[in-house]
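User: Please take a close look at one part of this model, the side of one chain that touches the other. Then set it beside what can be said about the partner chain.

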Amino acid sequence: MVAGLLLLALFLFFLPGGYQAPVRQAVRGTALRPFLALQGEVVARRVRSVDLAELRAERDSLAAVVAAQVTLGEENRRLRALLGLRSRAEPAFRPADVVRIGVAGAESSFLLDVGAADGVVVGSPVLSAEGLVGVVWEVDEHTSQAIDWTHPDFRASAMTADGEAYGLVEPRRGRFREEDLLALTGAPFHSDIKPGTRVVTSGRGGIYPRGIPIGVVVGIEEADTGWRKSYLLRPAVRPESVMHVLVGIRKDQGGEADLSQLWHISAPPDTVRSVPVDSTASADGAATGARP
Amino acid sequence: MIGGRRWPFWTLIALLVVAHFVLHLGLGLGAAAPDLLTVAVLLAARRMRAVAAAAFGLAVGVIRDSLSLTAFGADAVVLTLLAYLGARSRDLFVGDSLIFVGVYLFVGKWLHDALYYLIAGSTLRGDTVVRLFIQAPIAALYAAVAGVAVLTVYRLITGER
C-alpha cells in the first residue's frame with residue numbers, strides 16, 4: 001500500500017507538464033485558494049504603504065508605455081488605411097500586480113492578478129516599463145502564474161537594437177538571485193557586439209512582440225565553438241523589484257507586433273520575417289524553447 | 001505522546017499546516033518562516049500507521065507542489081517517503097522527550113531537504129555542498145526549534161506529557 005502511494009507520487013512527478021497543469025490548477029483553486037486570496041490582500045496593502053512617489057513613478061512609466069502604444073497603434077492604423085493596407089494586429093495590455101510565491105520550487109515564478117477572464121493566455125508576455133520580465137506559464141480564471149527571465153526554461157528570440165545580430169537569450173544563474181544574468185547565444189561568429197549594446201526581442205517565434213528591451217551587453221561569454229559567439233547581458237529588469245506589470249492579452253498576434261518605438265529603438269525591418277516560408281516560422285517557434 | 005484524547009493533537013497538526021501556508025504563501029515570507037509543513041508531517045507520522053502517514057505526506061506534498069512549475073511531484077515523493085519513515089521510526093526509537101523530538105525533527109527536515117535536492121536538484125540554485133551542509137542544516141535547526149516550541153506550548157495547554 002505504501003509502495004502504491006509512493007508510485008502515485010512518482011507518477012505525478014514524471015507526468016508530462018501538460019497533464020500536471022490541471023492538477024496544479026485544481027489544487028490552487030481549492031486548497032490554496034484562501035491563502036492566495038490572503039496574499040492578494042497583503043500585496044494590495046503593501047502597495048498602499050509603499051512610498052507614494054515611488055509608486056506613482058512606476059505607474060506613470062507603465063501608463064506612458066500603454067499611452068505610447070495606443071498612439072502609435074492609432075497612427076499605424078491611419079497610415080495603413082491611407083495606403084490601403086490591411087490592418088495589422090496590435091498588441092493590447094492589461095496592468096497587473098505581481099504576487100510572489102514563498103515556497104520551494106517556485107523561486108523564479110510569480111502570480112498575477114489577471115487571468116483568462118481578462119484575456120490572458122499561456123504565452124502572454126509580461127513587461128515592465130524597463131523591459132521584458134517574463135512570460136505567462138499557466139492561466140486560471142482570474143489569476144495566472146508566470147515565469148521571469150531567471151527561470152531555467154526561459155528563452156527569448158532576440159537581436160541587437162541595430163538589428164545587426166540575432167540570437168537566443170537565456171538565463172545564466174548565479175549563486176544568488178541577485179547574481180543572475182542573461183546570455184545572448186547563437187550570435188554569428190563574425191559579429192562583434194560592443195559592450196553597452198542594447199538587446200531587444202526580435203519578434204521571431206510568435207511569443208514576444210518585437211522591440212522589447214531585454215538587456216545590455218556587458219561582454220563576451222564564449223567564442224570557442226568556431227561557429228557562433230555568446231554574450232553576457234545585464235538585464236533590463238530585475239524581477240525581484242517589480243510590483244506592477246503589463247500583460248499582453250493578444251498572444252496570437254504578439255509575434256507580429258512591433259513595440260520598438262515605445263523604447264525609442266529604431267531597428268531595421270526583419271527581412272527574414274518577410275519571406276513567406278512556413279518552415280522559417282516553425283524553426284523560430286522551436287528556437288524560443290519556451291513551453292508556450 | 002500516545003494516549004488520552006486525540007482531537008487536540010490533530011488540531012495542532014491542522015494548525016501547523018494552515019500556519020505554514022499563511023506564513024509562506026499568504027504573507028509571502030518564504031525561507032524567513034520555518035517549514036511547519038514538514039514539522040506537521042513528522043509529528044503526525046509518529047502517531048499514525050505507516051500507510052495513513054504516507055497518504056498524509058502525499059496529500060500535503062501535492063498541495064505544496066501545486067505552486068512549483070518545474071518540480072511538481074517532488075515534494076509529494078519526499079513527504080510520502082518521510083512520513084513512512086517517521087511512522088516506522090516508532091519501531092526503532094521510543095521517546096517523547098523534547099530533546100528526542102528536537103533531534104527527530106532536525107534529522108527529518110534535513111533528510112527532507114536532501115531528498116528534495118536529490119530529486120529536483122537540477123531545477124534548484126546553488127551547489128550541492130552549500131545546499132546539503134550549510135543551507136539544509138540551518139533550515140532543519142530552524143524547523144526543529146519551531147517544532148519544539150510549538151510542542152512545548154501544546155503540552156502546557158493540554159497537560160499532555
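Analyst: In this predicted model, 39 residues of chain B are in contact with 36 residues of chain A. On the chain B side, helix H1 (7-26), helix H3 (50-65), helix H4 (74-92) and helix H5 (98-120) each supply at least two of the touching residues. H3(B) gives the most to this side, with ten residues. Sorted by class, the side of chain B that touches chain A holds 23 nonpolar, twelve polar and four charged residues.

Turning to the partner, chain A contains a closed barrel of six strands, in the order E6-E7-E8-E11-E10-E9, with antiparallel pairing. Neighbouring strands of this sheet are turned by 45° against each other on average, direction ignored. One of the pairings joins strand E9 (residues 198-201) of chain A to strand E10 (residues 213-222) of chain A, antiparallel and over three bridges. There, A:Arg198 stands opposite A:Val216 in E10(A).

The mean pLDDT of chain A is 78, and 74% of its residues score at least 70. Strand E4 (residues 132-139) of chain A is where confidence is highest, at 92, while helix H7 (residues 278-287) of chain A is where confidence is lowest, at a mean of 39. Over residues 274-292 of chain A, pLDDT stays under 50, and the model has 27 contacts beyond four places in sequence for them. Residues 85-89 of chain A also stay under 50, with ten such contacts. Where pLDDT is low, the predicted coordinates should not be read in detail.

Terms used
Residues numbered from 1 in each chain as written. Chains lettered and ligands numbered in written order. Predicted model: local features only at pLDDT ≥ 70, side-chain atom pairs only at ≥ 80, totals over all residues. pLDDT = per-residue confidence, 0-100. Helix = DSSP H or I, 4+ residues; strand = E, 2+ residues; numbered from the N terminus. Contact = placed C-beta atoms within 7 Å. Pairing = 2+ DSSP bridges. Axes fitted to C-alpha atoms, helices over the stretch in contact; angles between N-to-C directions. Nonpolar A, V, L, I, M, F, W, Y, C, P; charged D, E, K, R; others polar.
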